[in-house]
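The exercises below ask for a careful reading of one chain, and each task is followed by a solution that goes step by step.

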Amino acid sequence: DKPNVIAICCQACNLNYKSTNTSGEPNISYCKTHKLWRFEKIIQGKRYTKTGFKTKEEAINYKKDFLASPIFG
């Protein structure tokens with residue numbers, strides 16, 4: 001069992017994670033209304049969102065590419 005360390009990291013991320021995460025993967029959620037997956041992350045107060053993924057795997061792959069992008073450099 002992993003300790004829950006996300007709660008001490010970032011309040012905004014923590015709230016987003018608890019309220020919209022339905023996938024078990026941080027920043028990835030499923031929209032039942034549109035039957036699509038989405039990625040959402042808040043970085044320094046700015047919200048980054050990408051929607052329209054047909055599968056959870058597509059959303060996770062986008063997340064990995066996004067996190068590897070120069071925005072974090």
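Buried means under 20% relative accessible area, exposed over 50%, and partly exposed in between, with a 1.4 Å probe and protein chains only. The model is a predicted one, in which local features need pLDDT of at least 70 and side-chain atom pairs count only at pLDDT 80 or more, while totals for chains, interfaces and linings use all residues. Residues are numbered from 1 along each chain as its sequence is written, and side-chain values use heavy atoms, with hydrogens and water left out.

**Exercise 1. Determine which elements the chain contains and in what order they run.**

Solution. Helices (H or I, at least four residues) and strands (E, at least two) are taken as DSSP runs and numbered from the N terminus. On that basis the chain has 3 helices and 3 strands, and from the N terminus on their order is α-α-β-β-β-α. Of the 73 residues, 27% count as buried.

**Exercise 2. Work out how the strands are arranged in the sheet.**

Solution. Two strands pair if DSSP finds at least two bridges between them. Start with β1 (residues 28-31), which pairs with β2 in the antiparallel sense over 4 bridges; in this pairing Ile28 stands opposite Phe39. The two strands form a hairpin with 4 residues between them, and Lys35 in the turn has a positive phi of about 55 degrees.

Next, β2 and β3 pair, also in the antiparallel sense, over 7 bridges, with Glu40 opposite Thr49 and Arg38 opposite Thr51. Their hairpin has 2 residues between the strands, and Gln44 takes a positive phi near 50 degrees.

Putting the pairings together gives an open sheet of 3 strands in the order β1-β2-β3, with antiparallel pairing. The edge strands are β1 and β3, each of which pairs on one side only. As for β2, 6 of its 8 residues are buried, so this strand is largely enclosed by the rest of the structure.

**Exercise 3. Identify the residues of the largest nonpolar core and the elements that supply them.**

Solution. A nonpolar core is a set of buried Ala, Val, Leu, Ile, Met, Phe, Trp, Tyr and Cys residues joined through side-chain atoms within 4.5 Å. The largest one has 9 residues in all, namely Ile28, Trp37, Phe39, Ile43, Tyr48, Phe53, Ala59, Ile60 and Phe66. At least two residues of this core come from each of β2 (36-43), β3 (46-53) and α3 (56-67).
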